[in-house]
Amino acid sequence: MSTEDARRPGAARLGTRRSTMATTQSRLVADAVTERTGVPVDLELITSFGDTTRAHLTQLGGTGVFVSALRDALLDGGVDFAVHSLKDLPTAPAEGLVLAAVTERDDPRDALCARDGLTLDALPAGARVGTGSPRRVAQLAAHRPDLAYVPIRGNAETRLGKAASGEVDAVVLAYAGLVRVGRLDAVTDVLDADRVLPAPGQGALAVECRADRAGADLSYLSSVDHTATRLAVTAERTVLAELEAGCHAPVGAFARFEHGRLRLTAAVASTDGAQQVRAERTAELEVAPASQKAAADLGRELARSMIADGADRIVADPGEIGGAAGPGAGA
Ligand SMILES: NCc1[nH]cc(CCC(=O)O)c1CC(=O)O
């Protein structure tokens, strides 16, 4: 374990993964906490299995590879709190831990980073699109079944490098992540939610700490909680939980407040894009912490209507990326 700075007495210790994206988003939250409460925060770098393994993410057989090392450090008191990309957090609550805050969401959309400034519609048939996310492949294939989807992994810089080197023609990454690593220059098409629904929680950060400290010595963490975001991501994550799907399932969900209502859209698609269940539902909801249950109810009702339409069967057997069904022949 190494520290970013020498530890300052009285400073809170924020555990973070080592990647540029993780340290940038941890620093953002640390600065917001300090600005709002006066509590100084030091970053402590922790290596996780997800950062070191060469196995493809979808082969790791479980969710949350990025978060378990941080959670161990929280539970044993090595650090006071941790910041995760919310979309990487399993929906099942972690024993002894709570979400002390969910920060205001950044842009939730996915972005295409293609050679020669190409947009999704302009990519030629057969172009190779690199992404290891079944959700992205499934939804992209629904629009462009004629492209070749190639599973790739690595951090944002590594993936962008594969497009720059010509190994693939394009990669798809979260817009918010590209902002955090300072690589918006690579974006050639921003994929709005009508085309590709983001992952539940995408663009929001989760602040996690030990349950017995959240209402006690760490109660100041609530200063960075954003109620509207928390309600939206509660609805989104409830869809995922009800579908019994993990963060690498082909499930997109996005909720936003519009005219006093929370509007939730979700989609499940097979990896070849051929089967898709998409649904939307709204609920009248006050932007207040007391609306938490109503937000979860909205997610549960939407998921149940999708299951009635066969969404659970797609989740159970979405097909492989670049698998037997493969890219369609037509242009
Ligand atoms: N799975 C990795 C991951 N976790 C969070 C982000 C982006 C930032 C965010 O969604 O908050 C990324 C990279 C990506 O999907 O391109």
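## Overall make-up

The predicted protein contains ten helices and 14 strands. Of its 331 residues, 47% are buried.

## Domain organisation

Three domains make up the division of the protein. Domain 1 is assigned in two segments, 2–103 and 204–225. Domain 2 covers 110–191, and domain 3 covers 232–316.

Between domain 2 and domain 3, the C-alpha centres are separated by 25 Å. Contact between these two domains involves eight residues of domain 2 and twelve residues of domain 3. On the domain 2 side of this contact there are six nonpolar residues, one polar residue and one charged residue.

## The annotated C-terminal region

An unreviewed UniProt entry lists residues 231–307 under the feature "domain: Porphobilinogen deaminase C-terminal". In the model, the chain over residues 231–307 is 36% helix and 34% strand.

## Surroundings of the ligand

The shell around the ligand consists of Ser85, Lys87, Asp88, Leu173, Ala174, Ala176, Gly177, Gln202 and Gly203. By class, three of these residues are nonpolar, four are polar and two are charged. Two secondary-structure elements, strand S9 (170–174) and helix H6 (175–180), each contribute at least two residues to the shell.

The position of the ligand can also be described in terms of domains. Because domain 1 (2–103 + 204–225) and domain 2 (110–191) both give residues to the shell, the ligand lies between them.

Strand S11 (residues 205–210) pairs with S5 in the antiparallel sense, and the pairing extends over five bridges. Within this arrangement, Ala101 stands opposite Val207 of S11. In a regular strand, side chains alternate between the two faces of the sheet.

Conventions. Residues numbered from 1 in each chain as written. Predicted model: local features only at pLDDT ≥ 70, side-chain atom pairs only at ≥ 80, totals over all residues. UniProt positions renumbered as here; feature names shortened; annotations may be inferred. Helix = DSSP H or I, 4+ residues; strand = E, 2+ residues; numbered from the N terminus. Domains from an automatic or database assignment. Contact = placed C-beta atoms within 7 Å. Nonpolar A, V, L, I, M, F, W, Y, C, P; charged D, E, K, R; others polar. Near = placed C-beta within 6 Å. Pairing = 2+ DSSP bridges. Buried ≥ 20, exposed ≤ 12 C-beta atoms within 10 Å, placed from the backbone.
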